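The sequence and the structure are shown here.

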Amino acid sequence: MQLPFRKTAPTRTYKGKEYSDYNHYKDHLEKDFEERCGYTNCHQFWFGGRRTFQIDHFKPKVKYPELLTKYSNLVYSCSYVNRAKSDDLNEYLDPCDTDYNLHFYRDQIGHIYPMNTSDTGKYMYKALKLYLKRYSIIWMLEALEEKMDILQGLVDQTGDEQAKNLFYVITTKYMAYKKYLKAVQ
Amino acid sequence: MTKFTVAYIDESESDIRRFQRFSYSYFNVLPILPLPDIKETIKLIIDSNIDAVIADFDLSEQNAQIHFDGTDLVRAVLKKREGFPVFILTSFEDDAINKGDDVNIVYEKKELDEGNNFLDRVKSQIEKYKHQLEVNEARIIELLQENQKRKLDAFEKQELKELDSKIEKALDKESQIPNSLRDEKESNELAELLKAVDQLANNLKNKQ
């Protein structure tokens, strides 16, 4: 079964002045990308927070120096894809301008795959190493969070014993992962 | 052919210019002057798109504000990116070797005056590093494709986990996921939990 790669797409809303140092856009990018990596959709929380996130130049600054400080060329990204992408001049899909769900999907445990119909998706899958297990784990942890909310609602509405037990099991599991992942960061 | 880009860290601007002249035909050189704060210097290096790091050993010789040396920098880079090509140039080889963890990354600055051996070594180390990454990547993709067609055997599963960890550590060792989370059993357990919630939600919905 193919699940959507992401639920919402980031939008670049910043319309202010152009900074001479692109690092000054980090607050705006963080907000516009909802604290998520534009390419993997992973939340920065699971990487140790904002300090580990970087600013990617969608069109590499080495080839397009005129776009160095243009907000429209910046992508909030995790260190993994930013380093993997480096100064690659090949074609990529802009996370704000393109519907990534037409190019990527997830399996039931959150692994990312490129759509068979998307050559650029296939290229990005390899170049950005979107196959790494970490993206599946992070997707599942976010799914656990959502399920906790659903269960909480069910418990409140029905008082069902099974829902209470499952809520306890899931919350315990989630907290253990959270602690485990924070411990290595 | 695309030239590799190397970061060259030295507090002496004349030595930076000298290195740029010396390696012009081999590499694009990204000169980095060390900042008083080692963390900021490391950030400059790590955030740059480079293929190797070459650092002068004694960074305080002409700048008394610097309280760290080249070995501190390359150690920090390796802490973030496992196996990344790093080199130290020194006029005092023994000092650097005593402090550095790996004698194979320390070279005397005088080698720069004795031909291109040092540059050849850097280039070859970058190529070797990139080649290994490519080999690892080709194999992991092969295993992932197989995994979609059939059940991998125990050896293949182990290999898949190890490759995933290696590739992850090469990009960022600091935020890597614990190895136990790469385990298929762990993923399946999580998936079962997610499924159980959906089923329960449906059942309760149908009861209402």
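In which sense do strand β4 and β5 of chain A pair, and over how many bridges? In this predicted model, β4(A), residues 104-106, pairs with β5(A) in the antiparallel sense over 3 bridges.

**Sheet in chain A**
- Strands β1, β4 and β5 of chain A form an open sheet of 3 strands in the order β1-β4-β5, with antiparallel pairing.
- β1 (3-4) and β5 (112-114) of chain A are at the edges with a single partner strand each, so each has one side without a neighbour in the sheet.
- A:Tyr105 has A:Tyr113 in β5(A) as its bridge partner.
- Helix α3 of chain A (residues 119-127) packs on the sheet, where the helix touches β4 and β5 of chain A.
- The direction of this helix makes about 140° with that of β5(A).

**Strand β3 in chain B**
- β3(B) runs parallel to β1(B), residues 4-9, with 4 bridges between them; B:Ile9 has B:Ala55 as its bridge partner.
- β3(B) also runs parallel to β4(B), residues 86-90, again with 4 bridges; B:Ile54 is paired with B:Phe87.
- A right-handed β-α-β unit is made by β3(B), helix α3 of chain B (residues 70-80) and β4(B).

**B:Ile45**
- B:Ile45 lies in helix α2 of chain B, residues 38-46, and is buried, with a relative accessible area of 1%.
- Leaving aside neighbours within four places in sequence, B:Ile45 contacts residues including B:Ile9, B:Val53 and B:Val77.
- B:Val77 is 32 residues from B:Ile45 along the chain, and their C-alpha atoms are separated by 8.0 Å.

Notes. Residues are numbered from 1 along each chain as its sequence is written. Chains are lettered from A and ligands numbered from 1 in the order in which they are written. This is a predicted model: local features need pLDDT of at least 70, side-chain atom pairs count only at pLDDT 80 or more; totals for chains, interfaces and linings use all residues. Side-chain values use heavy atoms; hydrogens and water are left out. Two strands pair if DSSP finds at least two bridges between them. Helices (H or I, at least four residues) and strands (E, at least two) are DSSP runs, numbered from the N terminus. Contact means heavy atoms within 4.5 Å. Axes are lines fitted to C-alpha atoms, for helices over the stretch in contact, and angles run from 0 to 180 degrees between N-to-C directions. Buried means under 20% relative accessible area, exposed over 50%, partly exposed in between (1.4 Å probe, protein chains only). A crossover is right-handed if, with the strands pointing away from the viewer, the path from the first strand over the helix to the second runs clockwise.
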